[in-house]
Every structure is written in C-alpha cells, then in structure tokens.
Amino acid sequence: VITPHRGLAALATAQAERLAIDDTSRVLQLASPSFDASVMETLMALATGATLVIPEPGPLAGELLGDTIARRRISHALIPPTALTGLEPEGLDCLRALVVGGEACTAPLTARWAPGRRMVNAYGPTEATACVTMSAPLTPGTEPPIGTPLHGVRTHVLDPLLRPVPPGATGELYVAGPGIAQGYLGRPGLTAERFTAEIGGAPGSRMYRTGDLVSRTADGSLRYHGRADD
C-alpha cells in the first residue's frame, strides 16, 4: 500500500489533540513494526516530544503486559480488545489514555477500563494511513462507537449505488482525506476496484471503499455493523 507523507502529519496532529499527549507522556510500543498500529504508536511519541517506551523482546500479554505498563510508567497505550480481556486495570493508574482498535470493543470491556482514564475507540484501514475515526472518551454503560472523523478526514456512508443513506441507516463506509493511499503497488486492477472518485469531492479527489458496514448516529458518530462481504 502506497501512502502519502501528508497522511502521517495529519494523523500525528489528530492523535496529539484527541489523546492529550505532551512531552511528559510515555507511550508503549506494543505493536510489531509489521503492523500499521506501530505507526500510530511511534507518531504518538515522536511527533509530540513524548517518550516511546520499547519493551523487552518477546510476547507481551496478560500479567507481563500489566507489569510492563506499571513498571515503565506507561501513560498512553494502544491495546487490542483481545489483549485487554486478559489484563486487569487495578494498579495501572499511570495509564491515563487507552486506545482500543483493530477489533470490536464491547460495552463490558468499556465498563472495566474506562473509569479513571481517557479510553477511546479508534478505527482505520492501512489504506487510509491506519486511523480515520476516533470516539469521544468512552463511558461505561454504552456500546462503543468507532467515533467521528479525524481532522481533514471525510466519511461517506453509501448504498450499493453510491448514494448517501439516511442518518441511522446502514451503508458501506468510504473514506477520503489527506491519508488516502495512492493504491496498491503493482496491482492496478485492485487499486481501481477499491479507490474511486469521491462523491461530491473536488476534482481529482479520491475515496477508499473500506468494505465495512456502518451507520451514522444523531451526533455524527459512526457505529460498526460488520463487513459488507460477510
């Protein structure tokens, strides 16, 4: 996937604003460098003057993950919901901001982890520079949305004929903005299938077809409803 540098700049700015990162923050590098989540982690730290904490080599989960967060005084972390299920929040008061993504976040998980910290649900494909939406800080008792677009990102919820669906209705999510990839290296056919002219966009503007089904709530947040090809 060929992504533009301007997408990284936009993502760095959005994360700093939404996650309250500053030069006192300590960000955990949990994701493997082969995953796009690692780009989010690196930008959280290096674009804000924060400290990027690289743990010891080897798998990091369960008690070992909790011990690392506490011992290294991690303040910001991006942790998949599956990894959170095997981790207890007690004793991790240093963790001021928790980003979940890559999988569906459930209401019970929010009830366990949201109290006492800023917990947000993030969503985004590699083809849009890793992240395009983030929720407001989650509160217990609600089903977590995938949030609102980051600065500069435009989201379109469309039917199979590329027509906007009414608010509250389910449609396929298309995204546009500074982080949209140029396409797939050496795969023009797949690029043409997944990237198309943006509906209502400026001349030359393109949008990416995510294949994800969503609906837009009254406050503008998006809710995830699965894959269009399931």
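How many residue pairs are in polar contact between domain 1 and domain 2? Keep that in mind as you go. The model is predicted.

**Stop 1: the two domains.** Select residues 5-144 and colour them. This is domain 1. The C-alpha centres of the two domains lie 25 Å apart.

**Stop 2: where they touch.** Show the contacts between the two colours. On one side, 12 residues of domain 1 take part, and they meet 14 residues of domain 2. Together the domains bury about 950 Å². Carbon and sulfur atoms account for 61% of that area.

**Stop 3: three side chains in domain 1.** Select Arg6, Tyr123 and Glu127. In domain 1, these lose the most area to domain 2. Together they make up 53% of what the domain 1 side buries.

**Stop 4: polar links.** Here is the reply to the opening question. Seven residue pairs are in polar contact between domain 1 and domain 2, with both residues at pLDDT 80 or more. Look for salt bridges between the domains, and the count is zero.

**Stop 5: helix H1.** Select residues 5-19. This helix gives the most to the side of domain 1 that touches domain 2, with three residues. Now colour that whole side by residue type. Six residues are nonpolar, three are polar and three are charged.

**Stop 6: a record to compare.** Select residues 1-185. An unreviewed UniProt entry places the feature "domain: AMP-dependent synthetase/ligase" there. Find the end C-alpha atoms of this span: they lie 6 Å apart. The span is 25% helix and 19% strand.

Methods
Residues numbered from 1 in each chain as written. Predicted model: local features only at pLDDT ≥ 70, side-chain atom pairs only at ≥ 80, totals over all residues. Heavy atoms only, no water. Domains from an automatic or database assignment. Contact = heavy atoms within 4.5 Å. Buried area = accessible area lost by both parts, 1.4 Å probe. Salt bridge = Lys/Arg side-chain N within 4 Å of Asp/Glu carboxyl O. Polar contact = N/O pair within 3.5 Å; in protein donor to acceptor, adjacent residues only side chain to side chain. Helix = DSSP H or I, 4+ residues; strand = E, 2+ residues; numbered from the N terminus. Nonpolar A, V, L, I, M, F, W, Y, C, P; charged D, E, K, R; others polar. UniProt positions renumbered as here; feature names shortened; annotations may be inferred.
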